[in-house]
Amino acid sequence: MDVVSDAISAVRVGRPSSDRVRVGGSWCARLDPYDGAGFHIVLKGDCWLLPDGGDPVALGAGDAVLLPHGTGHVIADSPADAATVGRAVSFTRWADGTLPRPALSTSHENEVEMLCGKYRLDHSRAHPLLAELPSLVHLPHRGGGHPELRAAIGLLSGELDERRPGSSIALPSLLDLLLVYMIRSWMAEATAGAWPAVLGDPVTAAALRALHSDPAAPWTVDRLAAEAGVSRPTLARRFTALVGRPPMAYLTWWRLTRAAALLRDTPDPLATVARRVGYATPYALSHAFRREFGTTPGRYRTAAAGRGAGAVIAS
């Protein structure tokens, strides 16, 4: 796998969810903070989003917003001042029909249509690429920018409309694709953050591709340098400067992060997990795991099973 795919896979838990929302008139809904990531895509009309502790963001038709750290926020028909926030209703109850939505007018003026959804994520072992995403990623439509993202939005919207045969597979797959394209779009436009620069550097990117394609392989700095087509000192210097840790330290961290995900998501015995992430014996993995995470693999698996859905947002 590649870095972005692995970064998402390491934290993804369960299935994403989405709703198509149509509302008109005066309205305001609140989403409380949650342990996951959320998104809004405006299909029609205009609205406003106010993230907790941030400034209001105007959204127009075609705009996409990703909240990768589950930041609480308000969405409304107008800039969300204190009075507006005070009348906000629960988005969850509003979307599922427990609370009535403002009715659409016959003239369809001020009508807003959105795709809104959540990804169930375990942020406790987040890859630094995801950790450095800002609390809010706003991707304006800009006359057709981000064509891959726009294509995914169109396909997702169609599946929600039709509920055609196979939609139970197509919908979560399209939502996963949407997340990838939103992160790609952020990376393409990012003016800050280390990881867009990391993956934009051909030497470091080549080394990371090699490590993520087969983390269990017997990697050495010399072998990685050969993969990247540079000398050992050049790789070590560039990798450490951009990633923030030497290649072998990154590999150790990533192997243990993958081990944590496998312990959380699979019933595989410890010996199998150890082999899959590059450790010769369960003892070697246990020793390294405890040094990195302060607990044993067995206790980590038990705690993860105990947290269950309570550790992440509900679908």
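I began with the largest cavity, and I found it lined by Ile-8, Val-11, Ala-37, Leu-66, Pro-68, His-69, Leu-121, His-123, Leu-130, Leu-133, Leu-179 and Ile-183. On a 1 Å grid over the protein atoms alone, a cavity is a set of points where a 1.4 Å probe fits but cannot get out, and lining residues have an atom within 4 Å of a point. The model is predicted: local features need pLDDT of at least 70, side-chain atom pairs need pLDDT 80 or more, and totals for chains, interfaces and linings use all residues. Residues are numbered from 1 along each chain, and side-chain values use heavy atoms, without hydrogens and water.

I looked up the volume: about 100 Å³ for the largest cavity. I counted 1 cavity of 30 Å³ or more. Its lining has 10 nonpolar residues, 2 polar and no charged. Helices α1 (3-11) and α6 (167-189) each give at least two lining residues; helices are DSSP runs of H or I, at least four residues, and strands are runs of E, at least two.

Next I checked Arg-125. Arg-125 sits in the loop between β9 (112-120) and α4 (128-131). Beyond four places in sequence, Arg-125 is in contact (heavy atoms within 4.5 Å) with Val-11, Thr-257, Ala-260, Phe-293 and Tyr-300.

I noted Leu-285, Ala-288, Phe-289 and Phe-293 as its buried residues. They share one side of α13, because their arc around the axis, taken from the directions to the C-beta atoms, is only 110 degrees. On the other side, Tyr-283 and Arg-291 are exposed. Buried is under 20% relative accessible area, exposed over 50%, with a 1.4 Å probe and protein chains only. Gly-294 follows α13, with a positive phi near 75 degrees.

Note on methods:
1 Å grid on protein atoms, 1.4 Å probe; cavity = no way out; pocket = protein on both sides within 12 Å on 5 of 7 lines; lining within 4 Å. Points joined across faces, edges and corners; volume = space filled by probe spheres on them. Nonpolar A, V, L, I, M, F, W, Y, C, P; charged D, E, K, R; others polar.
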